[in-house]
Amino acid sequence: MSRSALVVIPTYNERANVPTLVAGLMAHENVRVLIVDDQSPDGTGTVAEELAAQHPNRIMVLHRTGKRGFGRSYIDGMRLALNEPVDVVCQMDADLSHDPRQLPDLIAATDHADVVIGSRYVPGGAILNWPMKRRVLSRVANIYIRTVTRLSVRDCTTGYRCWRKTALATLPLDQFISDGYSFLVEMLFIAARRGCRITEVPITFVERREGESKVSRAVLLESAITPWRLISNPESSRKARRSESSTD
Ligand SMILES: Nc1nc2c(ncn2[C@@H]2O[C@H](COP(=O)(O)OP(=O)(O)OP(=O)(O)O)[C@@H](O)[C@H]2O)c(=O)[nH]1
Ligand SMILES: [Mg+2]
């Protein structure tokens, strides 16, 4: 694997999962890790520091102190990642749903794309151990998002992704509004609007075995609203606001 990559991983109460995930990632040359922990009460931050000490120069830990949040954690992590000397910045969940053995395929696909989506919904993609209710919810969510936003990506909600750093650097990270998992939809929508070349690579998603899901009712509500907000408030209105304030 020639391209160097930094994998940004947000964590909240993932103590049982982080060591296995990191071991899988450390098996790849040229891969470094940034764990963004939100002061997890279960001590994930301490476990992450121990792993960083075991792998000097390959693991960084960002201990957030502000308001907790998935999107906020990614924004802070991406900002840090953009200042690192790497070619590719990746996103992954900590709960072992995303297999580190598939990372080289995703990174390799950045040769021909700005954004690579680890996709459950292209031929070769799969989901293991999800109950029917979860499968239906995810399928319906993707149909809804694709219909409203006109995104052509099959899996708009996956959290396994790789970005060319140069493409990620063009996104207005400071203007993202979503904080739950719709942050992922918002990033994709803005990237598509800005002309990023997006490709999907099949992944096998596995339901978490340890720890708990953080998907709440508030997160689901935000997910229902976000596609409409994105199409009614594309970047034009934000730009207008910016230019108004710059002429003050
Ligand atoms: N830093 C940070 N990480 C979070 C927060 N909420 C979730 N995460 C992490 O984001 C990743 C995805 O969260 P999950 O709870 O697995 O959500 P999910 O994968 O959509 O849902 P499940 O399929 O039920 O696991 C995991 O690595 C979580 O630890 C948060 O508020 N702050
Ligand atoms: Mg999960």
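A crossover is called right-handed if, with the strands pointing away from the viewer, the path from the first strand over the helix to the second runs clockwise. Helices (H or I, at least four residues) and strands (E, at least two) are DSSP runs, numbered from the N terminus.

Here is the case in point. Strand 1, helix 1 (residues 18–26) and strand 2 form a right-handed β-α-β unit. Then comes another: strand 2, helix 2 (residues 44–54) and strand 3 also make a right-handed β-α-β unit.

A word on the source. This is a predicted model: local features need pLDDT of at least 70, side-chain atom pairs count only at pLDDT 80 or more, and totals for chains, interfaces and linings use all residues. Residues are numbered from 1 along each chain as its sequence is written, while chains are lettered from A and ligands numbered from 1 in the order in which they are written.

Now strand 2, residues 31–37. Strands 1 and 2 pair in the parallel sense over seven bridges (pairing takes at least two DSSP bridges). Val7 has Val33 as its bridge partner. Strand 2 also pairs with strand 3 (residues 59–63), again parallel, over five bridges. There, Asp37 is partnered by His63.

Is strand 2 buried or exposed? Seven of its seven residues are buried (20 or more other C-beta atoms within 10 Å of their own, C-beta atoms being placed from the backbone). In a regular strand, side chains alternate between the two faces of the sheet. Here both faces are covered: Val31, Val33, Ile35 and Asp37 on one side, Arg32, Leu34 and Val36 on the other.

Terms used:
Buried ≥ 20, exposed ≤ 12 C-beta atoms within 10 Å, placed from the backbone.
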